[in-house]
Amino acid sequence: MKKFLDEHFLLNTKTAQTLYHDYASAMPIIDYHCHLPPQQIAENTQFENITKVWLNGDHYKWRAMRTNGVDEQYITGDKPDREKFRKWAATVPYTMRNPLYHWTHLELQRYFGITDLLNADTADRIYDETREKLQSPEYRVRGLLDKMNVKVICTTDDPVDSLNFHQQLKDEGYEIPVLPAFRPDMAMNLDDLTKFQRYVSRLEEAAGVSIASYADFVEALKRRHDFFADMGCSVSDHGLEEIYCDDFTDEEVNRVFRKALNGTPLDNGECRKIKSALLLLFGQWDAEKNWVQQYHLGALRNNNSRMLHKLGPDTGWDSIGDFSQGQTLSKFLNRLDSRDQLAKTILYNLNPADNELMATMIGNFNDGSIAGKIQFGSAWWFLDQKDGMIKQMNALSNMGLISRFVGMLTDSRSFLSFPRHEYFRRLLCDLFGTEIENGELPNDIEWIGQMIQDICYHNANRYFGWEGTSA
C-alpha cells in the first residue's frame, strides 16, 4: 500500500516519477492569472495566523463547510480565528475525494512541513505551530512566494483601479514582476443600472473624462487601457457567461447607452448589443498592443439571491452553467480574425461538456503565425481538480497540441495556493509516464522531459514574453 501524499503522490509508474522528479518539479512558476491582492505583496504582509492567510476569502472551503453543516458565523462571520479554524479542521475529513483534501495537506506539507492529517483532534496543535511559523520573517508574503519559486504574478484588475501598489513594487525594484491584467467586466454590467451608473462615475474620475455619451465612455476605457499598458500590463481577462457577438449599429449602441445612463431599463437584446460592441473594441485594442486576451466562460453566478444580498458576490454561491458557446464564440473570433485583429487568445470553459468544443475551436484560428496562438486554457474553477485536469489535457492532446500548452495557473486569492501547480505537474507527468510504459509513446525521456518543462514553464514564458523569468 502506498503512503498518503508521499514523494510519488499521483505518479503511478517509474517513468512518471522520473519525469516529475527530474524534469518538472524544479521548474519555476509563472502564475499568469490569479486574484492575489497586490497590496499584500507591496506591504509584504505578515499574517497573524493560518485562518487569516488560508480561510479568509476562500469560497472553496466556505462551500465545503456550509455543506458540512457549519454555521455562517464560523465562515464569514465574526467568530474568533481559532474557532473558525477548528470548524474547518473538523470539516476536512469529510472532504475526502474532493480536491480540497489533497490541497489542504499539500499546502500544510509544502509551506509548514506538517505531515499530520488535519482534523478536529489536530486542529489546535496545527493552528499553534503554523501561527508561530507565520510570525517569522520568511513567512511574510514575499517569503511564501520565494518558497514556491514564483517568477511572475499577474493579478486581476478593474480599469478604474489606480494600480498604485503595482507602481510601488516597480519603483522598489521587487525581483518578482507583479503585473496587472485588464478586466473590464464591470464596464459591461448593464444588467444592473444602479451599479453601472456608479461605475461610470468611478471611471470618469479614473480617466479624467466626463462621460455623457457612448463615445465618451469608450474614450475613458481606452485611456485606462493605455494606462494599464504603461504600467506593464500585457494581458486582458474577461469573466463571462458567454461571448457576445450580436450585430449592432453605432446608432443602436449610442441609443442604448443613453438609456442606461438615464437609468431607463434595458431589455436583454439591448444589453447584448453594447456588450458585443465593447468586446470587439477590447479585442482590437489588445491586438494593437500585442496583448494576450483571456476569456473565462460558463459560470452561472450568484444563484442564491438571499445569500448574495447578505454577503455579496464571490462568496461561494456560483455554479457551472449550461450556456451555448460554440456558434457565437466562432463568430466573435472570426470577426476579429477577418480584420487581422485577433490577439493571442486563451479560452477557458467551466462546463466540461464544452471541452472538445474548445479544443477544436482553437484550431480554427491557429494560423501558423505564432506557435499556440489560440490556447485551450487549463481546467478552471470547479474543474481544477484531478478529473477535470485530466479531461482538459486529454481533449487538448486528442484535438490539438498539448506540447504547445501554456500550462497551469492558480486563479486563487490565497498565497498558499501554489501547490496547485505541483498537483497539475504530477498529473501531467503521470499521463505521459503511463503511456510510455504502455508502449503508446516512445521511451524518449529527453524529448518528453523537455516537453514537460515547456508545458510547466517555458511555453508560458515565451507566449507572454515577460522579462526576468529565466529558469
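How much area do domain 1 and domain 2 bury between them, and what share of it lies on carbon and sulfur atoms? The legends below take up this interface in a predicted model, in which local features need pLDDT of at least 70, side-chain atom pairs count only at pLDDT 80 or more, and totals for chains, interfaces and linings use all residues. Residues are numbered from 1 along each chain as its sequence is written, and side-chain values use heavy atoms, with hydrogens and water left out.

**View 1. The two domains of the protein chain.** The chain is divided into domain 1 (46-138) and domain 2 (154-464), with bounds that come from an automatic or database domain assignment. Taken over C-alpha atoms, the centres of the two domains are separated by 30 Å.

**View 2. The interface of domain 1 and domain 2.** The two domains bury about 2000 Å² between them, 59% of it on carbon and sulfur atoms; buried area is the accessible area (1.4 Å probe) that two parts lose on being put together, summed over both. In contact (heavy atoms within 4.5 Å) are 19 residues of domain 1 and 22 residues of domain 2.

**View 3. The salt bridge across the interface.** The rule, which asks for a side-chain nitrogen of Lys or Arg within 4 Å of a carboxyl oxygen of Asp or Glu, finds one salt bridge between the domains. E422 forms a salt bridge with R110, and their closest N and O atoms are 2.8 Å apart.
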